[in-house]
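Q: I have a protein model open and want to learn how to read it. Where do we start?

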Amino acid sequence: MNRPLLLFFPLCLCFSLFSGLVKAQSFDALRKQFPDEKAVLLNRVYEYNIDLKNGEPYVTSKELQQIEYLLGSATAYMGKFGFSHSDFHQLVSYEAFTRTPDDKKLKVSEFKTNTDKEGFVFYDDIKETTFHFPSVEPGAIGNLQVSWFNKDPHLLSPFYFTSNIPTINSELKLTVSKDISLKYQLIGLDTSNITVSVKTEHRNNVYTFQYKNCPADKSYDNAPGFAWYSPHVVFYIGSYKNNQGSNTSYLSNVNDLYHLSYNYIKTVNNQTSPELKHIVDSLTKGINAEELKARNIYAWVQNNIKYVAFEDGMGGFIPRDAGLVCSRRFGDCKDMASILTEMLNVAGVKAYFTWIGTRDLPYSFIKTPLPLVSNHMICTIKLNDKFIFLDGTDPTCVFGMPSSAIQDKEAMIAVNEKDFQILKVPVIEKSKNVLIDSTWLTLTPTGIKGHVKKDFKGYFAMEMHGKLIYWDKKNMAEIMENQLERGSNKFKLDTFNIDKKKSAGEFSMSADFSLPDYAKKLGNDYYLNLNLFKFFQSSRIDYPKRKVPIEHDFNFETKYVTLFKVPDGYKVSYLPQSKSFHNKTWGFDLKYEQKDNYVILTQEFDNDHLMTTNDEFEQWNKVLETLFPLYKETLSLTKI
């Protein structure tokens, strides 16, 4: 789940005074310090009390947020605030009020609670309570205090220091019983700005994490999930002393995590439904090869079980029985893993439930043995001593290739109640993800006529198959024109064809088009820019200002070939020079050549990194500095 901005998460019962609060600066001082901001968070303070009750970990939490409004224009969209709660983070009490510039306290009287459902989620049990601070004006301070009971201490939420507006004081305080061993990790960029202190108070250890003057989060294109870069604290219980004084392991290592996770699946699929058994038999009748059985079953699930995401208490962790998923023909990722695992096992193909985190998350099972490491579940099979990862949520995924979102991630495979394996999902090499775009051009009295053919392979093909599923068939001509446009905005699509005979790992389309006024004629000469595409024009990185990495969906090779037929009676009077440029980050090859009566421009780009980090940004820009001037080169034709 993505981190909401200005929404609030679990934190100790009772509203005692929060320690270490930053006192409000003068309004004029804040306006001078933040001249372009509509508001700032004065304090963003979360406190957890982590104790033992009846021999088990017991966690309560509270939070305080204070927002000061600096401009009158903030009223329109920053007066609304809210906080989240769920079955796991049960709401205990809350209060919100505005402290006016003349020191009046105006309480919020109306709160509205709705399901906090994201666009891709069919249903979840997370609730969002929202309200509006009254009398918001420059100098007014909105105050929110909330407390929760944290039902399952395995599921403590990370604390993020930054928000979408600057924060003067961002602080996390953990009061932990001495009988509990607490572990924590600082993750993200700029964690050196976080001060950490640990002290002893009576029978507790008190951990304080503080970040002063946090800048506002800035949105960047093509950034990975916020957990990669936004500074935050992940904290968890490693072990504790039970009533008998013995040390009890809780989440001290990956074995503890696996034991917890296996409890969620151990009672699933104890009995095979007749309907599911009948389907498996029909898909594997007369087939002995395990791989063909697995391919047939995977394809059937992809085509017949609709993926929907929904969470409902423990339903967010426990897969539903395969028989139920089969009968109702839909399910979330855990349900898709359930039906795949059951069908494959019924067919005699050994299959395993597998927990995995998508590339939105930077965590590792081994380094951070917590449930938050995995936000996804898939099925893993083993064929010919090779593990194959099957993601039932992706209807276009090719058997044998992982979905692009789980490349290079650790997978925790449930072998049995005691045994598991942690494997790294492979990164698919660039040579398997190829896009070849070929264009044939001929000169006409009014401009250019052309034919185009695009061939997609690997993840490129999967993407196009996925788009085809959702494209509005009534508007296909318009959609295809946008897909195939080149040269200029005068591009006009005449005919098009989509090759539907290809497998999910291949896809192709072709079209005929016209491009009026593209070739320029001066006297008896023609001038033509064969760079029909000006790639990466908006890809220059704001370096060194940008620190956030750039994420790429997959490694790839792309090739764009333009073949221009020299008209009879003309010769090439100027052929631009070819150019290649590569460094450690990436590069390109741009080649002009003449073969018989054709001039051919070939542009090739490749990517061999799933992520470009800030130490590579300068090299990225150097490639663009070399490439962009080449786009201005023009072919010249002279009449013989």
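Q: Is Glu429 buried, partly exposed or exposed, and what is its relative accessibility?
A: This is a predicted model, and the label comes from cut-offs: buried means under 20% and exposed means over 50%. Glu429 has 39% relative accessibility, so it counts as partly exposed.

Q: Which residue forms a salt bridge with Glu429?
A: Start with the general idea. Side chains of opposite charge can pair when their charged atoms come close. Here Glu429 pairs with Lys432, and their closest N and O atoms are 3.6 Å apart. Lys432 counts as partly exposed, at 40%.

Q: Which residues do salt bridges with shared partners join into one network?
A: Arg320, Asp332, Lys334 and Asp335. In total, the structure holds 26 salt bridges.

Q: Now a helix. How many residues of α3 are buried?
A: Seven of the 10, so α3 is largely enclosed by the rest of the structure. Among them are Leu257, Leu260 and Tyr262. The cover includes strands β15 and β20.

Q: Last, a sheet. What is the order of strands in the open sheet of four?
A: The order is β29-β30-β38-β33, with antiparallel pairing. β29 and β33 stand at the edges with a single partner each, so one side of each lacks a neighbour in the sheet. Between β30 and β38 there are four bridges.

Note on methods: Residues are numbered from 1 along each chain as its sequence is written. This is a predicted model: local features need pLDDT of at least 70, side-chain atom pairs count only at pLDDT 80 or more; totals for chains, interfaces and linings use all residues. Side-chain values use heavy atoms; hydrogens and water are left out. Two strands pair if DSSP finds at least two bridges between them. Helices (H or I, at least four residues) and strands (E, at least two) are DSSP runs, numbered from the N terminus. Buried means under 20% relative accessible area, exposed over 50%, partly exposed in between (1.4 Å probe, protein chains only). Contact means heavy atoms within 4.5 Å. A salt bridge is a side-chain nitrogen of Lys or Arg within 4 Å of a carboxyl oxygen of Asp or Glu.
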